[in-house]
Amino acid sequence: MEQAEKEPITINILPFLIEALSIKKLIRKDIDMLYESDKYKFYKKAKESEWYNNLVVKEGDIYREVYAKKALGIILCANKDNNLAEKFLQILKKGWPRAFSYVEKHDNIDIEQYIVNLNSEIDNMHIDIFNSELAVLYFLAINFNKKFVINEGLKVLEKNLLQREKHYLGLEPTSYSFDKLPDNIKKYAADLRKHIFAEIGKISTYEKLFDSDVDIVKREIDFISFLFNSEKLSMDALFFENDISKKDIIEILALYYGVFKNIDVESATKHFVSGTTIKCLLKAYKQVKTYFFEHNQETMFLEMERRDEEIEKLKSENNMLKNKVNELSQTLADYKKLLEHKYLQEIKMLNKTIEDLKMQLDKEHQKDKELNALREFMFSLDTKEVYSNSAKDTDFSSVKGLIVGGHEMWQKELKKSLPNFSFVNSENFDIKVLDNIDIVFFFPNFLSHALYYRVINEVRKRNIKVGYISKLNKELALEEIKRQV
C-alpha cells in the first residue's frame, strides 16, 4: 500500500459533516447545549451561508433540518474559535467514538481497513449512518493532519464525496424532475394521460379526484383514505384545495413508465391516483417545514434579537449624530456670535462715521448758511439802501434773536424795538444766552475777532441761523433784520 503522496483533491467536507451531525440522535442534546451558548451568533453565521437552504440541509425531516442548521452555524464559527472548536470535537468524539479513536491511534488513515473493521455492522447499518461514519473519519484525519493510505477505498470515498457535492450544488443531473425527463418519455407519459382522462375524466384538482365515481379511482382513494384515518388524519382536509398540474401528472406517469415499462391504462390509473396523493402529501409536508422555520419560536426570537441589535446600533449611531449636531450647533452659535460681534463693531464704526459725516455735513451746511448770509451782507454794502419805514410797525415779538457786536448805545436803541432779542458786545458772556435762540446777527463794524469766533463756534454747534447787520441807522438796521428773519 502507498502512503499519501498524490495529487491533492479539493473536497468541501462541510455539507457531509452537517449531514452527519443532523442524523445522529445521540448527540442532539449536546448540539443544543453548545448552540444555546451563543445561538444568535451561530444562527446569523448559518443564515449567511450558501448551505443554509441547500438540499443537504432541507431534504430530511424537520428534526434533521433543525440540527443541520444548528451544526452549520457551530462549524462555521468554530473555524475561528479554538475553544469552540475543541467543544465541537468533543461532540464528534461522543457521536463517533470509533472514528475518533482510530484517527487518534493511527498516523496513516486506511479507509479500506476501516471499512473492513465495520463488516460485522455494515449489513444492519443505514446508508446515511455509514456515510456519516466515513465523512467524520475523513474530516478528523484532515483536522489532525494525518496522512491517507492511497488505495481503492480512498479513491471510491473521494469520488463518492465529489459526486454528492456536485449533486448538492445542482451540478449533477441525478435528481428526478420534469425538466430532466427525455422528450420520448414525456411523450409516453402524455399519451397515458390522454388515455386515463378518457376513462376517468379530466382531473385538475384533488377535489375532482376525491369525488370521482369511476370504480378504479374510488377504490384506490378509499384505500389511501383509510390509511390516513389510521393516523387520525383526513386526506380530504389535507388536500381538498390542492391543484393537480399537468407537469405533476407527467412526472408521475413518466416515472410509472420508466419503472414498469408498460402503458396499461388500468395499472397506470392506479399509480396515477396513488402517485398524485403522495405528491400532494409531499408538498403539504414541505409547506409545513417552510412554515415551521419561518415561525418557530427560535427563529422569531433570533430575528427579534437581531432586530434589537440593529435598533441598538441605530440608537448608538443616532446618539453619535446628535452629539455631532450639538457640536456643530455650538460651533455655529459661537461663529454666529463672533460674526455678530464683528458686524456690530463694524456697524458701530460705520454709525460713528455716519455721525461724524453728518456733523461735518451740518457744519458745511452751517458754513453755507454763514457764507450766504455773509454774501448777502457784502452785497448790501454795495447797494444803496433807501429807508422805506416798512419795518417800523413790524412785530418782532415772535422772533427770539441775538445781536452780537455794535456800540452799547446802538444796542439800547434796537432793544426798544426788539424786546425778545438778547445783545452781546463782549467776549465775556454766558453761553446760555444762546439757548433757544432762533437767529444770531453779527454787526461786523463793531466786533472783535475773539467775540466773533466764540459766538460762531457755539452757533455751529447748535445749528443756529446766522445773519448780518451793516447799518447804524436804527430803521435801516431793522429793515435788514426783517429781511433775514
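A residue counts as buried under 20% relative accessible area, as exposed over 50%, and as partly exposed in between. With its relative accessible area of 42%, Tyr176 is therefore partly exposed in this predicted model. Tyr176 sits in the loop that runs between helix H11 (152-168) and helix H12 (183-200).

Side chains of opposite charge can pair when their charged atoms come close. The structure has 22 salt bridges. One of them joins Glu19 to Arg164, with 2.4 Å between the closest N and O atoms. This pair ties together distant parts of the chain, since Glu19 belongs to helix H1 (residues 14-23) and Arg164 to helix H11, 145 residues apart. Both Glu19 and Arg164 are buried.

Other salt bridges lie within a single helix. Asp215 and Arg219 pair at 2.8 Å, N to O, and both are part of helix H14 (residues 215-230), where 4 residues, or about one turn of the helix, lie between their positions. Asp215 is partly exposed at 48% relative accessibility, and Arg219 is likewise partly exposed, at 46%.

Turning to the cysteines, a disulfide is a covalent bond between the sulfur atoms of two cysteines. The structure holds 0 disulfides. Cys77 has a relative accessible area of 8% and is therefore buried, and Cys280 is buried too, with a value of 4%.

The backbone deserves a look as well. Asn145 is not a glycine, yet its phi is positive, at about 55 degrees. Asn145 is placed in the loop between helix H10 (127-143) and strand E3 (147-150), and its relative accessible area of 69% makes it exposed. Asn436, also a residue other than glycine, has a positive phi near 65 degrees. The loop between strand E5 (422-424) and strand E6 (439-442) holds Asn436, which is exposed with a relative accessible area of 65%.

Notes:
Residues are numbered from 1 along each chain as its sequence is written. This is a predicted model: local features need pLDDT of at least 70, side-chain atom pairs count only at pLDDT 80 or more; totals for chains, interfaces and linings use all residues. Side-chain values use heavy atoms; hydrogens and water are left out. Helices (H or I, at least four residues) and strands (E, at least two) are DSSP runs, numbered from the N terminus. Buried means under 20% relative accessible area, exposed over 50%, partly exposed in between (1.4 Å probe, protein chains only). A disulfide is a pair of cysteine sulfur atoms within 2.5 Å. A salt bridge is a side-chain nitrogen of Lys or Arg within 4 Å of a carboxyl oxygen of Asp or Glu.
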